[in-house]
Amino acid sequence: MTQDRYSRLADIEWWDQDEVRGAHAVVAGAGALGNEVLKNLLLLGWGTITVVDLDTVEVGNLSRSVLYRPSDVGAAKVDAVVRAAGELNPDCQVDVIADDLRTGLGAGLLHRADVVLGCLDNVAARVALGQLAGQAGVLLIDGGLTTWEGAVRLYLPPDGPCYVCGLTDEDLRDLALRHSCLAYRVRAETARGVPTTPTVAATVGAAMAQQAMRWLSRDRHDMTVPIGHELRFDLAYDRFWQVGIPVNPDCLLHPTPAVPTGSPGSWATDRWVDILERWRTARADDEVVLRLPLTVLRGWSCLGCGRQDEVHRVHPGDRPVRCPTCAAEVALDLVDQIDGTQPWHLLSPHETGFPRWSWVEAHGSGGTVVFELAEPVGSDGGRGGAGGAPPRVPPDPPDGGPQDPAPRGPQDPAPRGPQAPAARTGRGRS
């Protein structure tokens, strides 16, 4: 493509198409709102876009999702996005992760992005994305829809509010129930979203993309980026207003940006025990433990028939699991650190389901150090992306292993390669 494609954009006084071409955005969610955000970023010529979504295209998506076609029904949403993006603007590189964002995204991927755009439909996913973006020190632009209203919120803690700061008592009860009640978790997993229209999604998606552009180009214009504020749109009565989001001084999950060190070994091939021993040697401390960003399901016990099994794989604590023999609730044995006694410490981070660029804490008597799980430079063409990684497919489970209720999307698919550019200084960190 020639530069003529963007000639009208170039007429904007502060516009820099080269900067847009070099930018990286992470978009979480590819539903109605995600479609509008992606459409706008593609039209702008945003250089690299990583899309995270687990679901498949349904017929009902066609009335609200501009990128999907009838032929996409039944396909993974991320695959349909790749097809549509190639047609809309082949200048843009679109990388996708067909996975639950809680187990498919490492903080290091977000750290390499200029902005993260949340197009999600449940509180638990928003909390997880907010924690990752806050730890990575990158601006999170979160969007939400109702039937006639929409909202855009901008978060960049620790000085400003985080997503959890603004949760209501009802939201917190919802989170607590997801973690403590299997029946509630199942209902939450299968619940239908709030009905909305493509016009509401288009309005909110445009506002999110506009804020992303203002943030990217903030050094060349005098427009204020409303970090720590919520923009509300009432399309039923044609109203718009902006309100500040207060910081909750008692927020238990307020994230603090971290500065990770380099990886002590290979995410794909080094065993957890090797990584642990390297840190113990480096710190001259045999008591160092590794604190994990995700819980690992060591095993489960059925409360109905007494069956037990081992798993040794990452598993969100609120994801429901039932016994494959009697369908009763199982008790989960979840762990979040490695001290060298776990039987799965002989596996690699990749084999236990951790995404590349996960940030892990090495904690000992001398303090805590955050490090990144990544491949050595040059292992995937020198780009530092995940595209060169082995497929993140779990080993065959033991006969009759734990059976999660089937989500609407692919079952623990392999990421299809976010090829993020190397981290850029001075962008998305201030």
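This is a predicted model: local features need pLDDT of at least 70, side-chain atom pairs count only at pLDDT 80 or more; totals for chains, interfaces and linings use all residues.
**Entry 1: cavities**

I looked up the volume next, and the largest cavity holds about 60 Å³ of space.

Which residues line the largest cavity? I wrote down Val127, Gly130, Gln131, Ala133 and Gly134, then Val138 and Leu140, then Tyr155 and Pro157, and lastly Cys162, Tyr163 and Val164. Helix 7, residues 123–136, gives the most to this lining, with five residues. I sorted the lining by class and got nine nonpolar, three polar and no charged residues.

**Entry 2: a cis bond**

The bond that joins Pro157 and Pro158 is cis, with omega at about 20 degrees. I checked where Pro158 sits: the loop between strand 6 (149–155) and helix 8.

**Entry 3: the second largest pocket**

Open space next. I have the second largest pocket down at about 1,000 Å³. It is lined by 32 residues, and the closest to its centre are Ala128, Gln131, Leu292, Pro293 and Leu294.

Helix 7 gives the most here, with six residues. So much for the elements; by class, the lining of the second largest pocket divides into 16 nonpolar, eleven polar and five charged residues.

On to helix packing. Two packed helices are described by the angle between their axes and the distance between the axes, and I noted both for each pair.

The axes of helix 3 (residues 32–44) and helix 10 (residues 198–216) come within 8 Å and cross at roughly 45 degrees. Parallel, perpendicular or oblique? Roughly parallel needs an angle under 35 degrees and roughly perpendicular needs 65 to 115, so I put helix 3 and helix 10 down as oblique to each other. Their crossing is right-handed.

On the helix 3 side I have Ala32, Leu33, Glu36, Val37, Asn40 and Leu44. They meet Ala201, Ala202, Val204, Gly205, Ala206, Met208, Ala209 and Met213 in helix 10. By class, this contact has eleven nonpolar, two polar and one charged residues.

**Entry 4: helix 3 against helix 4**

Helix 3 has another entry in my notes, with helix 4 (residues 77–88): these axes come within 10 Å and cross at roughly 35 degrees. I looked up the hand of this crossing too, and it is right-handed.

Leu38, Lys39, Leu42 and Leu43 make the contact from helix 3, and Val81, Ala85 and Leu88 make it from helix 4. Its residues divide into six nonpolar, no polar and one charged.

**Entry 5: a backbone check**

Where is His312 found? I placed His312 in strand 10, residues 308–314. Its phi is near 60 degrees, a positive value in a residue other than glycine.

Conventions. Residues are numbered from 1 along each chain as its sequence is written. Side-chain values use heavy atoms; hydrogens and water are left out. On a 1 Å grid over the protein atoms alone, a cavity is a set of points where a 1.4 Å probe fits but cannot get out, and a pocket is an open set with protein on both sides within 12 Å along at least five of seven lines; lining residues have an atom within 4 Å of a point. Grid points are joined across faces, edges and corners, and a volume is the space filled by probe spheres set on the points. Helices (H or I, at least four residues) and strands (E, at least two) are DSSP runs, numbered from the N terminus. Ala, Val, Leu, Ile, Met, Phe, Trp, Tyr, Cys and Pro count as nonpolar, Asp, Glu, Lys and Arg as charged, and the others, Gly among them, as polar. Axes are lines fitted to C-alpha atoms, for helices over the stretch in contact, and angles run from 0 to 180 degrees between N-to-C directions. Angles under 35 degrees count as roughly parallel, over 145 as roughly antiparallel, 65 to 115 as roughly perpendicular and the rest as oblique. A crossing is left-handed if the near helix is turned anticlockwise from the far one by less than a right angle, and right-handed if clockwise. Contact means heavy atoms within 4.5 Å.
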